[in-house]
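Here are some exercises to work through with the model on your screen. Try each task yourself before reading its solution.

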Amino acid sequence: MENLSELATIYPNFQLKDGPRHVPHYGLLLAGVAGLPSSVIKTAISITSRITEKLVVQNLKTTSISIDIIRKCQSFLEVKRMEVNCQQYHPIQMAYRLAQRLICLKYSSQDEDSVRHALQNLKESYIDGRL
């Protein structure tokens with residue numbers, strides 16, 4: 001901590017803090033201060049910019065692919081959830097459909113033989129799970 005205090009007295013215009021600090025392209029900044037020719041620094045900055053652009057484009061592509069994968073997984077999970085719900089509630093749906101058809105038959109104006117035949121078909125459909 002004493003070294004930091006000494007540096008603060010040497011560089012009064014700067015706010016010094018203990019610990020690491022991220023400075024983008026610190027080497028380029030240092031090269032400028034060190035007195036390297038400006039043409040070398042401009043070329044280095046140009047190369048760094050192109051590399052940075054490529055990395056940004058690559059990250060965007062990777063992010064886009066990741067988002068597509070997440071959406072596909074969500075769709076898959078939604079389909080699986082629907083399948084589980086369908087299997088879980090299938091007996092209840094069949095009982096509901098059976099009750100509906102029985103009520104319809106009760107209040108229908110069909111003759112006794114037609115009702116008996118419809119009840120037999122309803123029984124077979126229920127046993128086969130086709131309701």
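A salt bridge is a side-chain nitrogen of Lys or Arg within 4 Å of a carboxyl oxygen of Asp or Glu. By this rule the model has five salt bridges. The model is predicted, so local features need pLDDT of at least 70 and side-chain atom pairs count only at pLDDT 80 or more, while totals for chains, interfaces and linings use all residues. Residues are numbered from 1 along each chain as its sequence is written, and side-chain values use heavy atoms, with hydrogens and water left out.

**Exercise 1. Work out which residues the salt bridges join into one network with Arg-116.**

Step 1. Start with Glu-112: its side chain meets that of Arg-116 in a salt bridge, 3.1 Å from N to O. These two are four residues apart in helix α4, which means about one helical turn lies between them. (Helices are DSSP runs of H or I with at least four residues, and strands are runs of E with at least two, numbered from the N terminus.)

Step 2. Next, take Asp-113, whose side chain forms a salt bridge with Arg-116 at 3.3 Å, N to O. An α-helix has 3.6 residues a turn, so residues three or four places apart point the same way.

Step 3. Check the exposure (buried is under 20% relative accessible area, exposed over 50%, partly exposed in between, with a 1.4 Å probe and protein chains only). Glu-112 is exposed at 59%, and Asp-113 is exposed at 56%. Through shared partners, salt bridges link Glu-112, Asp-113 and Arg-116 into one network.

**Exercise 2. Describe helix α3 and find where it bends.**

Step 1. Helix α3 runs over residues 38–106, 69 residues in total. From first C-alpha to last it reaches 97 Å, close to the 102 Å expected; the expected span is 1.5 Å times one less than the number of residues.

Step 2. Look at Tyr-89, where α3 bends by about 50 degrees. The bend is the angle between axes fitted to the seven residues ending there and the seven starting there. A proline, Pro-91, follows within four residues.

**Exercise 3. Is Thr-48 buried or exposed, and which residues does Thr-48 touch?**

Step 1. Find Thr-48 in helix α3. Its relative accessible area is 19%, so Thr-48 is buried.

Step 2. List its contacts (heavy atoms within 4.5 Å). Not counting residues up to four places away in sequence, Thr-48 touches His-25 and Leu-28.
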